[in-house]
Amino acid sequence: MTSSASRLKGRSELGVAALLGAVGALVLIDAARLVVPYSQSDPVGPKALPMIVGGLLLICAVLLAVNVLRGGRGEAEAGEDVDLTHPSDWKTVLPLAGAFIANILLIDWAGWVISGTVLFWGSVWALGSRHYVRDGLISLALALLTFYGFYLGLGIALPAGLLEGIL
Amino acid sequence: MDVLSSLMDGFATALTPMNLLYALIGVILGTAVGVLPGIGPAMTVALLLPVATVLEPTSAFIMFAGIYYGGMFGGSTTSILLNTPGESSSVITAIEGNLMAKAGKAAQALATAAIGSFVAGAIGTSLLVVFAPIVVQFAVSLGAPSYFAIMVLALLAVTAVLGSSKLRGFASLGLGLAIGLVGLDFVSGQARLTFGLPLLSDGLDVVVIAVAIFAVGEALWVAAHLRRTPLQIIPVGRPWMGKEDWKRSWKPWLRGTAFGFPFGALPAGGAEIPTFLSYVTEKRLSKHPEEFGKGAIEGVAGPEAANNAAAAGTLTPMLALGLPTNATAAVMLAAFTQFGIQPGPLLFQNEGPLVWALIASLFIGNFLLLLVNLPLAPVWAKLLRLPRPYLYAGILFFATLGAYSVNLQAFDLMLLLVLGALGFMMRRYGLPVLPLILGVILGPRLEKQLRQALQLSAGDVSGLWSEPIAVVVYIIVALVLLWPLAARLWRARRPRTGGLVMAGGPAVDGPASGPAAAPPVEAPAEGSAAEGSAAAAPADRGPDAGRRRSDATHANHGQEKS
């Protein structure tokens with residue numbers, strides 16, 4: 001018990017293997033219900049590639065699980081602004097995702113100008129800026145600018161939502 | 001002479017004021033995103049896809065060409081002025097370039113990088129003009145079996161050669177292929193992986209996938225590990241070079257170009273290997289070997305030229321075969337499809353004016369970059385000081401806007417978030433991004449070729465190797481896959497002697513297959529040259545090997561920042 005628990009500790013990468021396995025199984029299950037009519041013009045049929053892909057994913061899932069249990073570890077990606085010395089900072093990521101979800105919920109109802117403002121303002125706040133008023137003005141300007149830019153320049157009408165008639 | 005007159009026509013198209021303007025917009029935008037951390041040319045092109053549909057295809061591709069070359073230019077500026085390279089192809093440039101900048105020679109480092117990029121870009125594009133039609137001539141005679149084989153090679157090579165872990169590469173490829181399966185099967189019309197959702201029956205939009213994986217994934221990943229202490233940016237004036245710098249730079253430029261182009265032109269060539277080979281070669285040939293490690297100009301000039309020549313080389317299979325080998329080329333291929341243009345060897349025939357205008361605009365963009373970049377270097381350096389909350393909030397903002405404007409449905413934004421989370425996870429656990437994108441884009445085309453090939457042979461599997469080229473390609477595939485094994489056996493028999501061990505060394509050391517694992521995919525001639533030069537500097541092994549291992553992380557996302 002304790003040994004298996006300690007083996008699992010710090011092996012969050014097993015989750016990746018689980019995900020690969022789940023996706024692989026999904027692909028295979030989905031492929032299984034496809035009908036393959038015998039056809040001279042399409043001997044391969046729609047099933048072949050999904051079967052191969054699902055198989056590939058399952059094999060990868062198993063090999064990755066073995067690799068991780070043996071102490072293998074994927075290298076986290078570095079970058080200019082990435083500091084890997086501290087652990088994942090969920091206090092930044094979750095509010096950021098929150099701002100993103102707020103935009104999804106608002107965009108069709110409240111319109112892009114409002115949802116875009118919320119998105120940018122929320123993201124800037126999540127990422128650590130505390131100039132509330134300045135950020136708000138920048139957000140609103142960006143949202144308005146893109147709204148009119150898309151409408152006048154590209155002929156793409158982003159949803160106006162609540163502000164319909166005003167904009 | 002046909003080629004020349006086509007090219008002249010291309011210049012005539014590309015030099016109209018409007019198209020020139022798009023080229024300028026492209027290079028400025030490209031350089032800006034190349035300089036800025038977190039975004040790169042592939043993502044920029046993806047974001048601009050919905051916007052570009054209102055443009056003429058020719059103008060759109062002229063702009064994309066500018067972004068493509070501009071991104072390479074911008075990347076070198078960042079790696080010289082900051083001590084952390086943002087993209088795998090700039091890793092080598094960053095070594096000596098940043099040391100030069102620290103030693104007060106930032107202006108010279110930027111100058112040799114910019115001029116070297118120009119020289120390599122000009123030569124590389126010329127080689128593209130020469131070779132692409134030859135490849136096309138050869139390619140039009142190929143049937144579905146050969147295409148299938150070549151696509152398999154490209155996918156496997158990108159997956160198995162680049163990046164630090166083959167296993168994680170294949171996992172990423174599998175995910176990409178699975179995403180590519182979503183939608184109606186094009187022959188039988190049956191829905192695959194749509195889960196009954198009508199919104200999924202047209203498949204996932206490439207724009208949404210690319211933006212999610214590159215932009216949203218990157219923004220979330222950086223947010224989780226945002227550097228709280230500002231980076232040291234070395235101030236710089238206008239780049240310039242003295243007489244001595246020119247004398248020391250011009251040969252490395254040419255040698256770097258010679259390394260870069262063939263590697264870029266191969267499926268899975270990438271830019272890491274040639275930049276590394278160029279660095280090693282320059283170190284060996286230099287009259288000032290003692291300066292290496294303290295900021296030698298040759299160590300910037302050569303790799304930077306190799307990087308840009310590889311970028312030009314990559315366009316050869318992209319335009320001639322419809323085969324992308326880096327992220328930007330993959331997204332550009334998706335753009336062709338979006339404009340209703342069929343990529344492949346018939347591209348030159350069917351869309352000749354567009355392709356030649358695109359190639360002409362590469363020359364023009366390359367020249368514009370030189371004009372724009374030398375005086376504007378201080379401005380680009382300022383861009384690096386953009387407060388990070390605004391930068392990453394802006395990336396999310398425009399990612400959302402770009403993905404939403406494709407179909408104007410909030411559902412796409414949900415996909416964006418889910419796939420963005422996938423991109424985050426891939427960065428966290430070292431799954432390379434490039435195989436996924438190539439899997440998404442090449443997967444459906446691969447399936448089409450497979451079904452066509454077997455249709456021709458009436459279901460007989462031997463139809464897959466019914467063409468000689470297909471057989472040759474499968475042999476190369478086998479070599480790519482078996483190489484690490486063969487190298488391990490070789491090393492077990494003859495421990496650490498001679499060049500081969502050098503070249504194969506990093507590949508067999510463990511799970512990480514370093515850049516030097518590539519020679520087997522090379523054509524024989526270049527392959528031996530590559531091994532020769534890598535072997536030529538056994539003394540470099542020590543310090544560089546360690547460095548390269550840590551660089552393997554960067555190699556994950558292919559040859560460029562996305």
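Predicted model: local features only at pLDDT ≥ 70, side-chain atom pairs only at ≥ 80, totals over all residues.
Local features are reported only where pLDDT is at least 70 and side-chain atom pairs only at pLDDT 80 or more, whereas totals for chains, interfaces and linings use all residues. Residues are numbered from 1 along each chain as its sequence is written, and chains are lettered from A and ligands numbered from 1 in the order in which they are written.

Chain A is assigned domain 1 (8–69) and domain 2 (90–163), with bounds that come from an automatic or database domain assignment. The C-alpha centres of these two domains of chain A are separated by 38 Å. In the model, residues 12–36 of chain A are 76% helix and 0% strand, with end C-alpha atoms 39 Å apart. For residues 140–162 of chain A, the corresponding values are 65% helix, 0% strand and 15 Å. Helices (H or I, at least four residues) and strands (E, at least two) are DSSP runs, numbered from the N terminus.

The contact between the chains takes 61 residues from chain A and 68 residues from chain B; two residues are in contact if their C-beta atoms, placed from the backbone, lie within 7 Å. On the side of chain A that touches chain B, at least two residues come from each of helices H2 (14–32), H3 (48–69), H4 (90–110), H5 (112–126) and H6 (132–154) of chain A. This side of chain A comprises 35 nonpolar, 16 polar and 10 charged residues. In this division, Ala, Val, Leu, Ile, Met, Phe, Trp, Tyr, Cys and Pro count as nonpolar, Asp, Glu, Lys and Arg as charged, and the others, Gly among them, as polar.

The largest nonpolar core holds 234 residues, of which B:Ala46, B:Ala210, B:Val211 and B:Ile437 touch the most other members. A nonpolar core is a set of buried Ala, Val, Leu, Ile, Met, Phe, Trp, Tyr and Cys residues joined through C-beta atoms within 7 Å. A residue is buried if 20 or more other C-beta atoms lie within 10 Å of its own, exposed if 12 or fewer, and partly exposed in between, with C-beta atoms placed from the backbone. Helix H5 (residues 91–139) of chain B gives the largest share of this core, 25 residues. Leaving aside residues up to four places away in sequence, B:Ala210 touches B:Ala42, B:Met43, B:Ala46, B:Val331 and B:Ile437.

B:Ala139 belongs to helix H5 of chain B and is buried because 22 C-beta neighbours lie inside 10 Å. B:Ala139 and B:Leu346 are 207 residues apart in sequence, yet their C-alpha atoms are 9.0 Å apart.

In helix H11 (residues 298–321) of chain B, 24 of 24 residues are buried. The helix is followed by B:Gly322, with a positive phi near 75°. Most residues other than glycine have a negative phi. B:Phe195, however, has a positive phi near 55°; B:Phe195 is exposed, because 9 other C-beta atoms lie within 10 Å. B:Leu408 also has a positive phi, of about 55°, and lies in the loop between helix H15 (388–407) and helix H16 (410–428) of chain B.
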